Amino acid sequence: MKTYHIAALPGDGIGPECLDATMPVLDAVQSCCGISLKINRHEAGAEHYRKHGVAIPDEVLKDCLDADAVLLAAIGLPDVRKPDGTEVQPDMMMGLRRALGLYAAVRPVKLYPGVPSPLNTAGAGIDMVILRENLEGLFASFGGGCILNDHVATDTIVITREGTERVVDYAFQLSQRRKGRPIDGKRRVTCVDKANVFRSFAFFRKVFFDIAHRYPDIEADATYVDAMSLYMVTSPSDWDVLVMENQFGDILSDLGAAIVGGLGMAPSAEIGDNHALFQPSHGTAPQLTGKNVANPIATILSASMMLDWLGTRYDDADAISAGAAIESAVAGLLKDGHLRTADQGGNTSTSAISDAVTDAIHRNAGVAR
């Protein structure tokens with residue numbers, strides 16, 4: 001049995017509570033699914049910056065680089081800022097992404113049975129993935145924009161063939177592993193861009209179709225980002241994998257979360273060739289800190305994605321089964337509908353959700369507690 005080394009960063013605000021709620025779930029799949037995890041927990045983030053003047057210490061970054069995967073809870077606090085007035089969170093996230101080479105940001109948009117959607121167009125279901133190129137695009141200007149004489153500000157978008165090829169290739173490989181779009185099961189990868197206006201996006205689209213030829217069994221098409229913001233609302237069951245530049249993905253992934261129950265239901269993964277990081281898509285909600293009311297499901301599902309990625313990377317069927325066991329337990333809880341946190345219209349506590357998911361894992365495995 002392989003022991004996986006996990007670097008766990010609890011972050012700020014509700015982050016530690018959500019990570020605490022995830023730990024018993026990971027303990028449960030270790031006992032039920034035959035996997036072994038060595039979890040090293042480290043303090044990092046805005047609160048650490050407030051106390052020590054650094055968001056992520058060198059030794060923590062080293063452990064993230066040495067780990068098989070990183071599990072990160074929400075980080076950042078709006079009142080903790082650097083001398084230039086900007087928040088600490090972007091520095092930490094961009095630093096981790098660049099250090100770990102995390103070029104593919106994977107944002108599942110999945111409507112689980114029992115979770116209401118604000119859409120009346122979701123009858124056939126919603127199960128798509130928004131895939132952001134994570135290191136280039138407009139975000140390549142992070143830390144490098146220019147302000148001239150308090151009159152002109154510029155940021156530069158960067159699209160490279162290498163960066164686009166690897167994220168598009170990942171998109172098609174991801175579609176191969178999925179069940180296709182909900183409406184008819186067709187596997188489909190869609191390039192989302194603004195190729196009718198900008199050369200950089202026309203180039204992104206060209207490279208997309210260059211790669212698409214390698215996957216003749218998967219439908220490939222392209223649409224403009226403004227149109228896709230409409231289609232996600234009017235025909236959400238028509239989509240499988242959407243691949244796009246960083247900023248567009250940042251925006252559409254929040255729209256995606258809104259149509260499947262909110263950010264508390266939105267896990268994510270950031271993938272590179274040698275490293276991966278998993279975290280909820282939501283923020284730190286400092287107004288909820290310490291109240292035991294935050295929704296931990298996004299963090300728990302991020303841990304499920306982590307185990308699935310480890311199992312795929314290391315050809316470990318037990319790790320894949322462990323990830324599936326977590327998602328199955330969460331899906332059952334949501335379908336039942338009796339336990340809901342405040343963001344889902346209920347009053348169930350963070351810890352009670354953790355207990356319910358943990359109990360479901362043991363029950364589904366036939367293990368008495």
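1. Asp193 has contacts (heavy atoms within 4.5 Å) with Phe201, Arg205, Ala222, Thr223, Tyr224, Val225 and Phe248, leaving aside residues up to four places away in sequence. Please keep in mind that this is a predicted model, where local features need pLDDT of at least 70, side-chain atom pairs count only at pLDDT 80 or more, and totals for chains, interfaces and linings use all residues. Residues are numbered from 1 along each chain as its sequence is written, and side-chain values use heavy atoms, with hydrogens and water left out.

2. Where does Asp193 sit? Its place is in strand β8; strands (E, at least two residues) and helices (H or I, at least four) are DSSP runs numbered from the N terminus. Asp193 is buried, at a relative accessible area of 0%; buried means under 20%, exposed over 50% and partly exposed in between, with a 1.4 Å probe and protein chains only. A polar atom of the Asp193 side chain lies 3.0 Å from the backbone nitrogen of Ala195.

3. Now to helix α7, residues 225-234, whose buried residues are Val225, Ala227, Met228 and Met232. Down the axis of α7 these fall within an arc of 140°, so they line one face of the helix; the arc is that of the directions from the helix axis to the C-beta atoms. They pack against β5 (127-133), β8 (188-193), β9 (219-224), β10 (241-244) and α8 (246-258). Asp193 and Ala227 are 34 residues apart along the chain, and their C-alpha atoms are separated by 9.7 Å.

4. Have a look at α5 (residues 161-177) and α6 (residues 199-212) too: they pack at about 50°, with axes 9 Å apart. Axes are lines fitted to C-alpha atoms, for helices over the stretch in contact, and angles run from 0 to 180 degrees between N-to-C directions. The two helices are therefore oblique to each other; under 35 degrees counts as roughly parallel, over 145 as roughly antiparallel, 65 to 115 as roughly perpendicular and the rest as oblique. Among the residues that meet are Val168 and Phe172 in α5, and Phe204 and Phe208 in α6.

5. Finally, how do α9 and α10 pack? Helix α9 (residues 297-313) and helix α10 (residues 317-336) pack at about 155°, their axes 6 Å apart, which makes α9 roughly antiparallel to α10. The residues in contact include Ile300, Leu301, Ser304 and Gly311 of α9, with Ala319, Gly323, Ile326 and Val330 of α10.

How values were computed:
Polar contact = N/O pair within 3.5 Å; in protein donor to acceptor, adjacent residues only side chain to side chain.
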